[in-house]
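Please keep the sequence and the structure open while reading.

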Amino acid sequence: MSETEVNPTISKSTGLPRKRFYRARAHSNPLSDSHFPVPISPSHVDYSLHYPQLFPSSGQADSSKKIQFADVGCGFGGLLISLSTLFPETLMIGMELRDKVTEYVKERILSLRVANPGKYQNVSVVRTNSMKYIPNYFEKGQLSKMFFLFPDPHFKEKNHRRRVISPFLLDEYAYVLEVGGIIYTITDVEELGDWMKSCLENHPMFEALTEKELEADPVVKLLCSATEEGQKVARNGGQTFQAVFRRIAPSDQTS
């Protein structure tokens with residue numbers, strides 16, 4: 001008897017986990033205390049747990065090959081799965097606070113690895129609070145891309161401190177991004193879109209990509225099409241508001 005016949009959480013037609021068994025609240029409170037293991041430093045991230053085919057034993061985080069893409073609040077992993085085949089030589093990880101959603105992404109990746117030998121070995125997910133622990137996972141200048149797609153808008157002004165894009169948090173993101181690294185943000189809430197764009201425009205370590213650069217970047221096209229939230233907005237005929245900025249060196253600032 002196959003696994004799909006005995007496990008109702010796995011779709012018989014696709015072999016992938018069914019979302020309805022992993023549903024959770026749309027967002028979580030990032031300021032609350034959650035209980036999950038956190039590495040004390042980037043050198044303590046066990047790559048063998050995330051990329052077992054590439055790192056067959058633990059203690060190899062000092063290898064020259066390190067995580068370069070981070071999808072913060074990765075949801076059900078749609079963007080990660082698309083990026084995995086678009087950049088097959090790049091290690092990437094999703095960071096998600098909700099436990100059921102994290103478990104879904106783990107099962108999705110494992111199922112895809114089984115169904116497609118040799119593929120999806122470069123993608124993983126971890127349950128963590130990225131607003132607190134980004135420096136625990138990444139070294140200075142380690143990342144080349146960070147993604148913040150359809151984050152919780154936290155509409156009330158008193159809750160703006162919970163927003164995942166803020167002047168304070170951009171300091172941390174600038175630290176872990178390499179010079180030239182890119183932050184991608186998108187939302188269907190205009191006020192939040194203005195907020196994220198303003199935070200990035202006013203930060204001395206970031207500058208906006210030009211229209212020509214946006215058109216040439218294949219990742220920009222995935223911001224809507226690869227995520228469940230983006231697909232929902234498109235089905236409903238809604239608008240999206242994106243801000244894409246690169247990390248610059250202090251000397252690159254325009255006066």
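With a pair of cysteine sulfur atoms required to lie within 2.5 Å, the count of disulfides in the structure comes to zero. The model is a predicted one, and five salt bridges are found in it.

**Cysteines**

- C74 has a relative accessible area of 8% and is therefore buried, the cut-off for that class being under 20%.
- C199 is likewise buried, with a relative accessible area of 10%, and this residue belongs to helix 7, where it is listed among the buried positions.

**Salt bridges**

- K66 and E139 form a salt bridge in which the closest N and O atoms are 2.9 Å apart.
- This pair links distant parts of the chain, 73 residues apart, since K66 sits in the loop between helix 2 (47-50) and strand 1 (67-72), while E139 sits in the loop between helix 5 (130-137) and strand 4 (143-149).
- E139 counts as partly exposed because its relative accessibility is 32%, and that class lies between the 20% and 50% cut-offs.
- R98 and E96 also meet through their side chains in a salt bridge, with an N to O distance of 2.8 Å, and both of these residues are buried.
- In the salt bridge between R246 and E213, the closest N and O atoms are 2.5 Å apart.
- Because R246 lies in strand 7 and E213 in helix 8 (residues 211-216), this pair ties together parts that are 33 residues apart in sequence.
- The two partners fall into separate accessibility classes, R246 being buried with a relative accessible area of 18%, whereas E213, at 30% relative accessibility, counts as partly exposed.
- E207 joins E213 and R246 in a network of salt bridges.

**Helix 7**

- Helix 7 covers residues 190-201, and its 12 residues, at 1.5 Å a residue, should span 16 Å, which agrees with the 16 Å that separates its end C-alpha atoms.
- The buried residues of helix 7 are L192, G193, M196, C199 and L200.
- Seen down the axis of helix 7, these buried residues fall within an arc of 130°, so they line one face of the helix.
- An α-helix has 3.6 residues a turn, so residues three or four places apart point the same way.
- The elements against which the buried residues of helix 7 pack are helix 6 (167-176), strand 5 (177-187), strand 6 (206-208) and strand 7 (241-247).

Technical notes: Residues are numbered from 1 along each chain as its sequence is written. This is a predicted model: local features need pLDDT of at least 70, side-chain atom pairs count only at pLDDT 80 or more; totals for chains, interfaces and linings use all residues. Side-chain values use heavy atoms; hydrogens and water are left out. Helices (H or I, at least four residues) and strands (E, at least two) are DSSP runs, numbered from the N terminus. The expected span of a helix is 1.5 Å times one less than its number of residues. Buried means under 20% relative accessible area, exposed over 50%, partly exposed in between (1.4 Å probe, protein chains only). The arc is that of the directions from the helix axis to the C-beta atoms. Contact means heavy atoms within 4.5 Å. A salt bridge is a side-chain nitrogen of Lys or Arg within 4 Å of a carboxyl oxygen of Asp or Glu.
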